[in-house]
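Please have the sequence and the structure open as I speak.

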Amino acid sequence: MSEPEANPEPLDFVRQIVEDDNTSGKWQGKVHTRFPPEPNGYLHVGHAKAICLNFGIAAENGGLCNLRFDDTNPEKEDVEYVESIKEDIRWLGFDWEDRLFFASDYFEQLYEWAEQLIRDEKAYVCSLPLEEIRSGRGTPSEPGTDSPFRTRSVADNLDLFHRMRAGEFEEGEHVLRAKIDMSHQVMLLRDPIMYRIRKVEHHRTGDKWCIYPTYDFTHGQSDSIEGITHSICTLEFENRRPLYDWYCEYLKIHHPQQIEFNRLNLTYTLMSKRRLLELVNSGFVSGWDDPRMPTISGLRRRGYTPQSIRNLCATVGVTKHNAVTDMVVLENQIREELNQTADRRMVVLDPLKVVITNYPEGESEELDAVNNPEDASAGSRKVPFGRELFIEREDFMEDPPRKFFRLGPEREVRLRWAYFLKCNDVVKNDAGEITEIHCTYDVDTKGGNAPDGRKVKATLHWVSAAESVPLTVRLYDHLFVTEDPDDTEDESGSWQDNLNQDSLKTLTAQAEPSLAAAEAGYRCQFERKGYFVVDQDSTTDERVFNRIVTLKDAWARAKKKK
RNA sequence: AACCCGAUAGUGUAAUGGUAACACAACAGAUUUUGGUUCUGUUAUUCCAGGUUCGAGUCCUGGUCGGGUUGCCA
């Protein structure tokens, strides 16, 4: 009766926990997750993994996923970030429906809970200066010492805490601390800070508050208020789980389970919001959405699709050990998608003039070119052909090495969708540089096939010199020259030393006319060169194309090996 | 020298005590009007030492290596 299932997709360890909980009835079959960004920067592809995980698990289990901003540090946060984060999540294809929340909406409740802990003698106002709180905490191997204010009466604590809120004290004069254990082996449990005084305007609450709760005193309770079942976060919060549990336990509130997974890292880039902000501020990149940035907005502008990013997140897996995924895994996702869906177009990035000496002067014709060999429904288009063309400079060599299949003196190649072409002569300037080449074409090979069955070893892309249109093309490369930005030559070096100074090259290319009217966001393949997208900087006079990714290039690889 | 977490081909993951596998990368070949795509094949893996067991990547003990913890950041 019960046939074994045909290779069920293996569950990652987080999904396994969720499934086990559903089986045991731990949460009565309920699954409720959340994605809790701090609005202090733009989302990056590492966040995409968390988004896919949280929204994905909810969807797969008939549950819900909230969007909650963890906005407890007004000094670094801003509405600009709130809006960009919402846009990026929507663009990725996820929907929080009516469940948009802010931790700052819970400030009043949090304040009451703080009072409750004071009354329960689980919290106290500590009036030690910052340095003394730090030194009093000890080190991982030596216990800390109790604050002299640890024994303050409940009445005094309540009074002081109220006056903190009322703004009677300056920043740093007092903090509220949990009373746990100053000699605990887990440093975090040595009377952690719950509230600090910050006389700073908050992007949502304005000047209503001058005391702000810390992450630890906010996050678990926010989860609790929202009825979260599985609080999924990254590995660096592992150490904080005891405190998450402590607050839920002593507050006697709904207690979600925190589960930590490994964040996404990619080679040749970095995922630190602080460092990405530095890159933006330094001007090395044009902004958070610079197409070299690993931000969602950067990848979007680079031409990546939501599907390609979701596919990456599905591919990398979810475990508990620090992993670095090769950038080519991301690149392959967009290549795979665009190979199926993108139009092919001919664009010459580095033009070399070709004169076809046996083509009648003053004449031209239109040839049929297939739009996408992977998709017959994409149809075909007309491309103009004439006596003078441009081909890619690197597709011609006067003295070709052994494995070079492209054009050379007395060699014959195919012009894509056009004719066979043979080179007869090379014209140079005084400096010895090739300025143009003279060729003849075989009129019987129209469309690219020889009736006599002869073969050529290469097919080149080309454009008509008279009818091509100029395009601004931005060639992007890795942000860093090393796989690991921190891998500096000497120890005094910094990650900035590894920035790729050649990560952006701008040039003017010659394109077939059909590209003159391409609209922002249009993606296509420049045949033999890569996938490109029209950038938002385009104007009616100037089309700007960003290179999303190159094609795989066996010839380039062979050259590099030598 | 304290505590927490981790370790499986080059990279990322699977194997839920029972034949170590998949994807990407690399390499070789076939096909090809993109040196693209597609197809075929090859190379290569359980950190170490003990223990439990008929049987250990998986369980136990010890070690090694890596990451994290000493913010009034999240």
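The radius of gyration here is taken over C-alpha atoms, and the globule rule is 2.2 Å times the number of residues to the power 0.38. By that rule a compact globule of 562 residues would come near 24 Å, whereas chain A has 31 Å, and its C-alpha atoms fill a box of roughly 100 × 70 × 45 Å along the principal axes.

This is a predicted model, in which local features need pLDDT of at least 70 and side-chain atom pairs count only at pLDDT 80 or more, while totals for chains, interfaces and linings use all residues. Residues are numbered from 1 along each chain as its sequence is written, chains are lettered from A and ligands numbered from 1 in the order in which they are written, and side-chain values use heavy atoms, with hydrogens and water left out.

The pLDDT, which is the predictor's confidence in each residue from 0 to 100, averages 96 in chain A, with 98% of the residues scoring at least 70. Over residues 1-6, however, the pLDDT is below 50, and beyond near neighbours in sequence this stretch has zero contacts (heavy atoms within 4.5 Å) in the model. Where pLDDT is low, the predicted coordinates should not be read in detail.

As for burial, 52% of the 562 residues of chain A count as buried, that is, under 20% relative accessible area with a 1.4 Å probe and protein chains only. Among contacts in chain A with a separation of 6 or more, 71% join residues 24 or more positions apart.

Terms used:
Buried means under 20% relative accessible area, exposed over 50%, partly exposed in between (1.4 Å probe, protein chains only).
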